[in-house]
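Below are my notes as numbered points, to be read with the model open beside them.

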Amino acid sequence: MARHTRAVHLPLDTTDLSARAIASQLVALIAAGQVGDGDWLPSTRALAHELGASRTMVAAAYDELVAAGFLEGVPGAGTRTTVGATAAARAGLSSRAPRLEKTNVAPAAHTAVHHTDAVDLRPGTPDTGLIDMRAWTRVWRAAASSPPTTLSPWQDTDDAFTAAMSRHLRTNRGIDTDTVFDIPGSTAAFQTLAAVSGLTRCYLESPCYPAAAHEFRRAGLDLVFVPVDHDGLCVDRLGDEAGIVYTTPAHQYPLGHRLSVNRRAALVAWAKRTGSIVIEDDYDGEFRYGVAPLPAIRSIPGAGEHVAYVGTASKMLAPSLGAAWLVPPLPLRDAVQTYLRDHRIAVSTITRIALTELITAGELQRHLARAGREYRCRRDILITELEARCPDLDVLGVQAGLHVAILLPADHRDRDVAASLEADGLIVTPLSTFPRRSDSEINGIAVNFAQIDRSTARRFADCTATAIAT
C-alpha cells in the first residue's frame with residue numbers, strides 16, 4: 001500500500017535547528033501530552049520541509065529517539081511513538097545524558113592498532129596500548145611524589161578523588177552526586193550492597209555477568225533470572241517481591257542491548273513501589289558509536305533513593321588498576337561507608353591520587369575521546385568482515401561497548417564453534433556458558449573487538465564461516 005504524508009503539525013522552535021534540539025523538543029512534546037503513545041509522526045521529508053531544515057538533520061533526531069526507545073519505525077508505514085514513551089518523558093528521561101558540565105576535549109591523532117601475538121577475543125579487556133604513556137607517566141610521577149601518610153586507604157578520606165570523580169560522573173553520565181566511594185573492583189560493590197541492603201532476593205538479567213551472579217550467590221541471596229530482549233531487562237517480569245536488581249543498562253552483558261528509556265522509568269517506579277534496590281553496573285558506559293549515550297538510571301529524577309551506580313576503570317583504562325567507584329542509594333550511604341571501613345575495602349592511596357590527576361588534568365577525557373574513535377574503527381572493521389563472509393549472522397550490541405554478541409544457526413552449538421575457533425588460535429566465549437534461566441536457550445559467541453586489526457578480523461570471519469559451514 002502506498003504511503004501518504006501525514007498531516008501532523010509539531011510546534012517546534014525553529015530558532016535552534018539541530019538534531020539534538022529537535023530530539024529534545026519532541027521529548028518535551030511527548031511529556032506535555034501533545035504527542036501521545038502510538039501517535040504517528042510526520043515523515044522526515046515532511047518535517048524537514050516544515051522546519052526549513054535538512055532531511056539528514058531530522059532523520060538523525062528520529063534515529064536518536066528510536067535508539068532511546070521513544071519512537072519506533074514501522075516498515076512501510078512510518079514512525080510513531082512507543083507505548084510507554086509518555087511515562088518515560090514525564091519521568092524526566094531524555095534521549096541522552098544531560099550536559100551538566102562542559103569539558104573541552106582536544107583532538108587527538110589517529111592511534112595505530114596495538115598488535116599482540118595472543119589472539120584472545122573474549123570480552124572484558126580494553127587495549128592498554130591506546131593510553132598516552134607520557135600523560136600516564138606524568139600522573140604516576142606526581143602521585144609518587146605525594147608524601148606518604150600513616151593512614152591505611154580505608155581510613156583516609158580522599159576529598160580530591162571524590163570531587164574529581166563526581167565531576168567525571170556529572171560530565172559523562174549526567175549523575176549529580178557528592179558521594180562517591182572508591183572500591184577495588186565492581187565485585188566489591190556487589191558484596192557491599194548485598195550485605196547492607198537487608199534484602200534476600202536478587203534479580204539478575206538472563207544471561208548475565210558471571211562474577212555478579214557468583215558474588216550474589218556467595219552472599220546468600222536467592223537468585224531469580226529475568227529475561228532480556230532488544231529493549232533490555234523485561235521489567236514487567238520482576239514480580240512484586242522486593243529485592244536487588246542487578247542490571248547492565250548501557251550495554252547489556254553479554255548481549256549488548258540498551259535498556260530503553262521507558263523501561264528505565266518503569267524500573268525506577270518498580271523499585272520505589274516495592275522498596276527494592278537497583279544496581280546499575282555501568283562497566284563500559286563511556287563508549288558509544290553513532291548514538292547518543294542514554295542517561296544513566298541514577299540520573300533519573302528521584303532515582304537516588306533506590307539506585308546504586310557502579311563504574312570501573314577496567315574498561316576505560318586497564319583492569320590492572322584495580323579501581324572502581326560506587327555511588328550508593330542515599331538511604332544506604334552511612335551503612336556503605338561503615339561496611340567499607342570495617343572490611344578494609346578501598347583503592348590504594350597512590351592509585352586514587354593518579355586517577356585524580358588524570359581527571360583534573362583532562363587526560364582521562366582526552367583518552368576516552370581518542371579510544372572511542374579507535375574502538376569505533378575496530379568495530380567497523382569486524383562488522384565489515386563478518387558481513388562479507390557471514391552475511392546471515394545476527395550481530396548484537398554494535399552501538400556501544402567493546403564487544404559484540406554473534407548469534408549462531410540453531411544447528412551449530414556455540415561451544416562447538418568456539419572449540420573450532422580455538423583450534424584456529426582464536427579464543428571466544430560461548431553465550432551458553434553465561435548464567436541464565438534454566439528454561440532459556442541462547443546460542444552464540446561473545447567477541448571482543450578492542451584489540452582487533454583487519455587481518456585478525458578477516459581471519460576470524462573466515463574461520464567462523466568455515467565452522468558454521470560444516
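1. A word on terms before we start: two residues are in contact when they have heavy atoms within 4.5 Å of each other. This is a predicted model, where local features need pLDDT of at least 70 and side-chain atom pairs count only at pLDDT 80 or more, while totals for chains, interfaces and linings use all residues. Residues are numbered from 1 along each chain as its sequence is written, and side-chain values use heavy atoms, with hydrogens and water left out.

2. Let me begin with E363, which lies in helix α13; helices here are DSSP runs of H or I with at least four residues, strands are runs of E with at least two, and both are numbered from the N terminus. Leaving aside neighbours within four places in sequence, E363 is in contact with A135, R138 and L358. Is E363 buried or exposed? E363 counts as buried because its relative accessibility is 14%; buried means under 20% relative accessible area, exposed over 50%, and partly exposed in between, with a 1.4 Å probe and protein chains only.

3. Please look next at helix α12, residues 349-360. At 1.5 Å a residue, its 12 residues should span 16 Å, and the end C-alpha atoms are 17 Å apart, which agrees. The expected span is 1.5 Å times one less than the number of residues. The buried residues of α12 are T351, R352, A354, L355, T356, L358 and I359. Their cover includes α5 (133-144), α6 (159-173), β3 (181-183) and α13 (363-389). As a reminder, an α-helix has 3.6 residues a turn, so residues three or four places apart point the same way.

4. Some backbone angles on either side of α12 may interest you. Just after α12, G362 takes a positive phi of about 80 degrees. R344, in the loop between α11 (333-342) and α12, has a phi near 55 degrees, a positive value in a residue other than glycine. R344 counts as exposed, because its relative accessibility is 57%. For background, most residues other than glycine have a negative phi, and most peptide bonds are trans.

5. Which residues are joined by cis peptide bonds? S206 and P207 are joined by one, with omega about 5 degrees, and P207 sits in the loop between β4 (201-206) and α8 (210-218). Y253 and P254 are joined by another, with omega about 15 degrees; P254 is found in the loop between β7 (244-247) and α9 (261-274).

6. Now to an open sheet of 4 strands, in the order β11-β12-β14-β13 with antiparallel pairing. The edges are β11 (394-396) and β13 (429-430), each with a single partner strand, so one side of each has no neighbour in the sheet. Two strands count as paired if DSSP finds at least two bridges between them. Strand β12 (residues 403-407) pairs with strand β14 (residues 444-448) in the antiparallel sense over 5 bridges. I406 has I445, in β14, as its bridge partner.

7. The salt bridges come to 23, where a salt bridge is a side-chain nitrogen of Lys or Arg within 4 Å of a carboxyl oxygen of Asp or Glu. E72 forms one with R80, with the closest N and O atoms 2.9 Å apart. E72 is partly exposed at a relative accessible area of 30%, and R80 is partly exposed at 28% relative accessibility.

8. The side chains of E241 and R201 also meet in a salt bridge, 3.1 Å from N to O. This pair links distant parts of the chain, 40 residues apart: E241 is in the loop between β6 (232-233) and β7, and R201 is in strand β4. E241 is partly exposed at 40% relative accessible area, and R201 is partly exposed at 22% relative accessibility.

9. E385 is buried, with a relative accessible area of 5%, whereas R454 is partly exposed at 40%. A network of salt bridges links E385, R389, R454, R458 and D462.
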